[in-house]
Amino acid sequence: MSSAASRLPEPLATYWNEAVETFTRQHDVVKIVALLLSVYFVYVLAGIGLGFPLRGQFNSIAVLTFYVAVFSMLTLALNLHWGYTGLFNIGIVGFMAIGIYVMALVSKPVYSPGGAASVGGLGLPLWVGILAGMLAAAVLGFVVALPALRLRADYLAIVTIAMSEIVRFSFLSDAFASFQLAGQPVGFGGGSGIILDYQDPLIAFFEATGTIGLYRGLVDAFATVIPNNPSPVVNGLVYSAVLLVFVASYYWLLKRTGESPFGRVLKAIREDEDVAQALGKNTNRFKIKSFMLGCALMGLGGILWLMGQGAVTPNFFRPRITFFVWIALILGGAGSNTGSVVGGAIFAAVLYQGPRYFQSLVSTVVDTSAAPSGFGPAVAPLLANFDPTPFLLYTVDSVRQLQLVIMGLVLIWLMHNRPEGMLGHREETAASIPLTRPAAGKPAADGGEADE
Amino acid sequence: MSESESGAASAPRSESAGDAGPTDARFPLQVEDLHKSFGGITAVDGASFEVERGTLTGLIGPNGAGKSTTFNLITGMHTPDSGTVTFNGEEITGLEPYEIANRGLVRTFQIARELQEMTVLENLMLAPQHQQGEALWRSVLPVVRDRVSEQEEEILDRVWETLEFFDIEHLAEEEAGNLSGGQRKLLEMARALLTDPDMLLLDEPFAGVNPTLERRLLEHVHELREEGYTFLLVEHDMDLIMNNCEHVIVMHQGQILTEGTPDDIRQNEEVIEAYLGGNV
């Protein structure tokens with residue numbers, strides 16, 4: 001941080017340092033909320049500044065929240081694997097795929113000839129499908145881990161990435177495109193994907209909990225500001241808010257897991273597995289439990305990401321998503337649950353959605369339709385008569401492609417300047433109680449002298 | 001499942017053998033005809049010895065004699081090519097290291113292996129056996145977690161006592177990776193003791209520890225020995241071995257050269273030969 005500050009002019013540097021210091025002093029929840037609010041502030045401010053319609057504003061908030069939530073969930077799950085247990089899982093996307101595909105298989109309505117979907121499902125309720133998807137991801141984790149955990153860390157990495165590609169190719173294959181299960185024609189649809197033609201999960205949830213009236217009321221309320229068909233907007237906002245509740249649940253679960261004797265053994269395995277063994281811990285069992293839990297959470301992450309999207313195709317599950325989650329974890333700081341949420345949020349807001357949002361902002365101001373279609377035509381005027389316009393247009397037009405370059409640069413910068421990530425201090429104590437001295441030990445910890 | 005490990009933190013360690021017979025045995029640790037080679041090198045070549053209950057037994061030998069490998073074979077870190085290890089009347093050859101540790105045979109490492117990015121307190125809290133909270137569901141579910149926390153309080157009390165004993169309370173919140181070499185040795189010994197073992201295998205526990213601390217540690221070892229703990233000690237400091245051990249085993253080139261009281265060893269020509277001649 002100091003190196004960043006040193007390049008700024010004096011007063012700015014002071015502000016920056018103060019801001020960083022104040023931020024790191026805060027309670028973890030405050031950090032997360034403050035960060036999220038400032039990201040939203042920037043998004044909304046930019047939207048207002050450019051006179052975006054209200055509908056677009058709400059949509060971009062919903063989309064932003066959606067990605068913040070899914071990346072936070074996946075990063076939290078990865079943190080359990082890597083940050084806590086030292087398990088090098090680079091097959092995240094495979095567990096996501098298993099989650100959503102099994103969920104679709106279980107919850108899609110039974111095949112009816114002449115329907116839109118070429119294959120059917122088992123027609124069970126959504127929550128059964130979600131549980132089945134998580135269970136399937138956990139079981140796949142078990143199968144993958146069993147041989148690999150006996151070997152050392154790198155082997156798990158190789159096995160997991162291979163697994164995630166095997167999963168993708170299996171779903172692509174015609175062999176599983178349609179088959180019979182329990183007398184029903186079901187299937188995964190092969191390369192053309194699978195249509196998620198079950199009831200809208202959000203509506204199903206509100207109906208099941210008897211709160212559908214509340215939801216309708218909300219839609220009506222929005223109709224006053226967005227008169228034209230408000231329900232997709234409301235749907236997006238509510239769904240992303242529900243995802244935030246899931247993030248909170250992940251955080252709660254993993255914090256408790258980490259701050260416990262169980263989490264202590266996981267940390268010990270991360271540091272030195274032989275020592276944990278020498279102290280009588282059955283490390284393989286701990287590793288498998290931790291791995292299965294993380295995989296189930298990744299499966300759920302995949303389900304929540306895709307269940308409302310209408311359809312899934314196997315090629316969504318390319319390894320790049322796995323690496324996105326890794327970037328988020330490295331950004332936030334491996335070993336810290338708070339860091340994982342912060343990393344997921346920053347990744348989603350700045351590196352994932354940021355360039356796209358930036359592009360759409362620019363294209364509302366500048367007409368980018370004249371952008372050259374290739375690198376050559378873009379650079380030629382710059383070299384010939386110092387005209388930068390085509391090059392800039394080209395850059396803005398290909399911001400999505402540049403996204404990966406930006407991610408790479410951020411990673412390199414991090415590795416040089418802050419390899420432990422933003423909050424990777426690993427100070428989340430692995431015990432279910434505060435480890436202060438009992439009874440007549442320390443003076444009461446009201447921190448009086450620490451401020452002096 | 002580890003759910004079954006729900007006994008109290010201080011549960012007596014009798015589940016493996018069952019009756020009282022083996023624990024009365026005079027020789028808790030019996031090693032018979034161990035062989036181990038790595039590639040073409042024979043590290044341990046037919047080692048047999050016994051360790052008597054309640055003694056401090058020293059295992060000495062020149063570098064490369066096979067002492068550390070013997071430790072690794074006893075504690076399950078390596079599997080012997082042939083031979084058996086018996087602990088408290090039960091054969092433990094080929095068991096996993098954690099299974100051996102759970103039977104009360106606990107080791108420390110030659111180069112201290114503290115868990116670097118964990119605090120000293122966390123390192124020590126890890127050690128006690130039969131922690132309920134090591135079952136994931138107990139640590140997570142609301143009501144049962146309170147019971148876990150109660151047990152954590154008890155463990156924490158023991159940990160602080162141990163910290164005081166080893167005089168490292170001031171390091172409690174320090175990350176173990178920041179400790180000095182000697183402090184790491186202390187931490188490692190403290191951690192091994194907190195597992196509540198029957199017998200401790202100490203691999204050069206005094207290397208890098210200052211003389212005052214060394215004396216203190218030795219006093220403590222003797223105290224524990226009188227309480228009935230058994231120690232097997234690898235050490236290079238001959239004076240230390242000769243002045244503190246009741247029984248000394250000398251290894252040379254993977255075999256047991258000789259064993260006996262320190263006086264016997266001192267006068268043994270072969271030992272002098274092994275240390276001063278050939279490969280020191």
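Which residues of H11(A) are buried? Please keep in mind throughout that the model is predicted.

The buried residues of helix H11 of chain A are A:Pro261, A:Phe262, A:Gly263, A:Arg264, A:Val265, A:Leu266, A:Lys267, A:Ala268, A:Ile269, A:Arg270 and A:Glu271. In other words, eleven of the eleven residues of H11(A) are buried, and the helix is described as mostly covered.

Where chains A and B meet, 32 residues of chain A are in contact with 37 residues of chain B. On the chain A side, four helices each supply at least two residues: H10 (231–258), H11 (261–271), H12 (273–278) and H13 (283–306). Which of the helices gives the most to that side? It is H11(A), with seven residues.

I turn next to chain A as a whole. Chain A has 19 helices and four strands. Its radius of gyration is 24 Å, close to the 22 Å that the globule rule gives for 452 residues, so chain A is as compact as a globular protein of that length. Along the principal axes, the C-alpha atoms of chain A fill a box of roughly 75 × 65 × 50 Å. Of its 452 residues, 43% count as buried. Consider also the contacts in chain A between residues at least 6 apart in sequence: 73% of these join residues at least 24 apart.

The next topic is the core. The largest nonpolar core has 183 residues, and those with the most contacts inside it are A:Val70, A:Met73, A:Ile100, A:Ala137, A:Val325 and A:Phe347. Helix H4 of chain A, residues 54–84, provides the largest share of this core, with 15 residues. Chain B takes part as well: the core draws at least three residues from each of domain 1 and domain 2 of chain B. To look at one member in detail, what does A:Val325 touch, leaving aside residues up to four places away in sequence? Its contacts are A:Phe71, A:Leu74, A:Thr75, A:Leu78 and A:Ile92.

We come now to chain B. Its domain assignment gives domain 1, made of 23–114 and 196–280, and domain 2, which covers 117–178. The centres of these two domains, taken over C-alpha atoms, are 29 Å apart.

Chain B also contains an open sheet of four strands, in the order E2-E1-E4-E5, with antiparallel pairing. Strand E2 (41–51) and strand E5 (90–91) of chain B stand at the edges with a single partner strand each, so one side of each has no neighbour in the sheet. Further in, five bridges join strand E1 of chain B, residues 29–38, to E4(B). One pair to find on the structure is B:Val31 and its bridge partner in E4(B), B:Val85. Strand E4 of chain B, residues 82–87, is in turn joined to E5(B) by two bridges. Here B:Phe87 stands opposite B:Glu90 in E5(B).

E4(B) and E5(B) form a hairpin with two residues between them. B:Asn88, in the turn, has a positive phi of about 50 degrees, although B:Asn88 is not a glycine. As background, most residues other than glycine have a negative phi. Is B:Asn88 buried or exposed? It has 24 C-beta neighbours inside 10 Å, and the cut-off for a buried residue is 20 or more, so B:Asn88 counts as buried.

B:Asp167 is not a glycine either, and has a positive phi of about 60 degrees. B:Asp167 lies in the loop between helix H6 (142–165) and helix H7 (181–194) of chain B. With 12 other C-beta atoms within 10 Å, and a limit of 12 or fewer for exposed residues, B:Asp167 is exposed.

To close, I return to the opening helix: H11(A) has eleven of its eleven residues buried, and gives seven residues to the side of chain A that touches chain B.

Methods
Residues numbered from 1 in each chain as written. Chains lettered and ligands numbered in written order. Predicted model: local features only at pLDDT ≥ 70, side-chain atom pairs only at ≥ 80, totals over all residues. Domains from an automatic or database assignment. Contact = placed C-beta atoms within 7 Å. Pairing = 2+ DSSP bridges. Rg over C-alpha atoms; globule rule 2.2 N^0.38 Å. Core = buried A, V, L, I, M, F, W, Y, C linked by C-beta atoms within 7 Å.
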